[in-house]
Amino acid sequence: MKEISEQKYSRNMALSLVAGMVLGAAIVLVILWALGIIPPTVQESEAVEVSAEAESEIPGDISKEQMEVIPEPEVTKAPDASEELQEADETAVSGIYLLFTQSASWESEDGYYYQYVAAIENTTKERITDWEIAVPDFDGCRVDSYWCCEVETENGQLEITPADFNEEIREGSKAEGIGMTIFSEKEWELTAAFVEAETENGILIGKQGSGPAVLKETDESPGGDAGVEERRPDQAAVQGAKDPDIQVGDPLAGHAVQEDTPVGEHGRLRVEDGHLVDQTGEPYQMHGVSTHGLAWFPEYVTEETFRTFRNEWDVDVMRLAMYSDEYGGYSNGGDQEELKRLIDDGVKYASRQGMYVIIDWHVLGEGDPNIHKEDAIAFFGEVSDKYADYGNVIYEICYKPNGIVSWSDVKQYAGEVIPVIREHDPYAIILVGTPQWSQLIGDAAADPIEGYDNIMYTLHFYAATHKEELRRSMEDAIKDGLPVFVSECSI
């Protein structure tokens with residue numbers, strides 16, 4: 001009996017030693033995987049084999065519960081985000097898509113200015129709770145202005161973090177209109193950028209312009225083996241997405257949209273392939289009437305007037321002309337609250353008639369829209385927030401730039417006003433005036449605004465004086481793919 005007991009003891013000791021060695025090997029593999037010395041695929045396959053072998057060798061008097069369980073390492077944010085971002089592989093499972101677009105550039109006596117806008121798309125099935133963009137190689141540069149974000153420069157790198165309202169990006173959604181103007185004494189180009197996003201389950205990493213890989217929907221728990229599907233980058237997912245439809249019966253300014261009205265028949269408008277189309281994708285030409293200056297002729301803004309235009313003139317859009325610089329205008333002694341009340345009345349009267357309505361910032365006397373830019377930014381921020389859910393409001397952000405103002409001046413202005421509107425209303429049509437009283441449409445065609453959907457450029461003509469040359473400019477711009485909107489014309 002003693003000999004048998006000693007043999008059994010020796011056998012158990014040997015088996016325990018084997019089990020301990022196998023378990024030790026498993027721990028080493030996990031540590032090597034966590035340090036990045038072996039790839040995850042190797043660790044996973046070997047761990048399965050080791051686990052099966054260890055179970056077969058467990059002696060009868062050692063339970064499975066007594067064996068140490070090695071949890072899968074948690075994904076945590078690296079101490080140095082920039083190094084982690086720069087090492088991210090383009091084929092890694094990121095689930096996010098970062099797109100930087102240069103929307104403008106100009107040269108000054110001191111150096112060079114570059115304007116960039118960025119969008120972050122969340123293609124995962126989980127909500128992003130915070131994010132950070134890193135732009136390396138930023139030595140010698142500074143941020144001159146920025147919007148829809150916060151910026152900080154540290155150790156030659158630009159770090160971009162959210163504003164209060166776009167910190168969270170829901171599943172299948174995006175944050176866009178993130179922008180900044182960058183100054184450099186020497187010519188500079190953004191060649192690389194990285195985004196790191198926090199979720200409840202870990203960190204996602206993406207690169208500028210690289211396509212995301214998205215996790216398939218499975219029945220597995222978050223810790224299970226979810227399948228991975230590669231997806232080509234789709235710029236239309238960030239730009240050009242179809243806007244929400246407007247249906248007959250939907251509420252609009254306290255009234256239901258009627259079937260036999262312009263909005264009831266054509267719904268939400270958008271720009272597609274350089275043309276204005278309705279929500280069915282059919283080309284749509286609008287016919288409308290503009291009020292005179294609201295500050296001097298407020299009596300034109302009545303529901304009866306708008307109803308008469310719709311029923312007897314077949315008008316489908318009303319334009320509310322609010323002068324900015326002329327005496328009594330919004331930025332020159334005008335009663336701003338009264339002017340905003342007239343705008344509000346006009347939007348509601350047009351909406352109740354099922355018509356479209358243009359809110360017009362009537363740049364004329366000042367020539368350069370940048371002169372009252374701060375007023376314009378505050379105004380369009382307020383009205384776009386107020387009417388974001390309407391779907392029939394169009395914003396004309398500068399009426400007739402004129403004098404010595406250039407297209408680059410107008411484009412710089414538009415680059416600061418458009419993001420304010422897009423912060424509240426991602427879908428509305430935005431009209432941008434062109435120099436020389438909205439006639440130099442070719443300048444815009446040669447250097448259009450980038451990074452935004454549903455932007456159109458205005459052309460104005462008066463038939464007695466504007467002849468073949470202006471018509472040819474318009475035809476050439478349209479051939480170049482520029483979306484043209486004639487927001488004023490007469491005899």
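Which residues of helix 7 are buried? The list has Leu339, Lys340, Leu342, Ile343, Asp344, Asp345, Gly346, Val347, Tyr349, Ala350 and Ser351, where buried means under 20% relative accessible area, exposed means over 50% and partly exposed is in between (1.4 Å probe, protein chains only). Keep in mind that this is a predicted model, so local features need pLDDT of at least 70 and side-chain atom pairs count only at pLDDT 80 or more, while totals for chains, interfaces and linings use all residues. Residues are numbered from 1 along each chain as its sequence is written, and side-chain values use heavy atoms, with hydrogens and water left out.

**The chain overall**

- There are 12 helices and 22 strands in the chain; these are DSSP runs numbered from the N terminus, with helices being H or I of at least four residues and strands E of at least two.
- The chain runs to 491 residues, and 48% of them count as buried.
- Take the contacts (heavy atoms within 4.5 Å) between residues at least 6 apart in sequence: 73% of them join residues at least 24 apart.

**Helix 7 and what follows**

- Helix 7 spans residues 336–352, 17 residues in total. From first C-alpha to last it reaches 24 Å, close to the 24 Å expected at 1.5 Å a residue, the expected span being 1.5 Å times one less than the number of residues.
- Its buried residues pack against strand 12, helix 6, strand 17, strand 18 (356–362), helix 8 (373–386) and strand 19 (393–398).
- After helix 7 comes Gly354, with a positive phi near 70 degrees.

- Most residues other than glycine have a negative phi.
- Ala253 is not a glycine, yet has a positive phi of about 55 degrees. Ala253 sits in the loop between strand 12 (251–252) and strand 13 (255–256), and is buried because its relative accessible area is 15%.
- Asp314 also isn't a glycine and has a positive phi of about 55 degrees. Its place is the loop between helix 6 (303–313) and strand 17 (317–323). Asp314 counts as exposed because its relative accessible area is 62%.

**Aromatic pairs**

- Searching the whole structure turns up 19 aromatic pairs. Rings of Phe, Tyr and Trp (its six-membered ring) pair if their centres lie within 6.5 Å; planes under 30 degrees apart are stacked, over 60 edge-to-face and the rest tilted.
- One of them is Tyr116 with Trp188, an edge-to-face pair at 6.2 Å centre to centre with 85 degrees between the planes.
- That pair links distant parts of the chain, 72 residues apart: Tyr116 is in strand 2 (residues 112–122) and Trp188 in the loop between strand 7 (174–184) and strand 8 (194–199).

- Lys373 belongs to helix 8 and counts as buried because its relative accessibility is 15%. Leaving aside neighbours within four places in sequence, Lys373 is in contact with Tyr413 and Glu416.
- Ile441 is in helix 11 (residues 441–446) and counts as buried because its relative accessibility is 0%.
- Not counting residues up to four places away in sequence, Ile441 touches Thr434, Tyr457, Thr458, Leu459, Ser473, Met474, Ala477, Leu482 and Val484. Ile441 and Val484 are 43 residues apart in sequence, and 8.2 Å apart in space, C-alpha to C-alpha.

**Cavities and a pocket**

- On a 1 Å grid over the protein atoms alone, a cavity is a set of points where a 1.4 Å probe fits but cannot get out; a pocket is an open set with protein on both sides within 12 Å along at least five of seven lines, and lining residues have an atom within 4 Å of a point.
- Of its 35 lining residues, Gln285, Met286, Phe485, Val486 and Ser487 are the closest to its centre.
- Strand 22 gives the largest share of that pocket's lining, seven residues.
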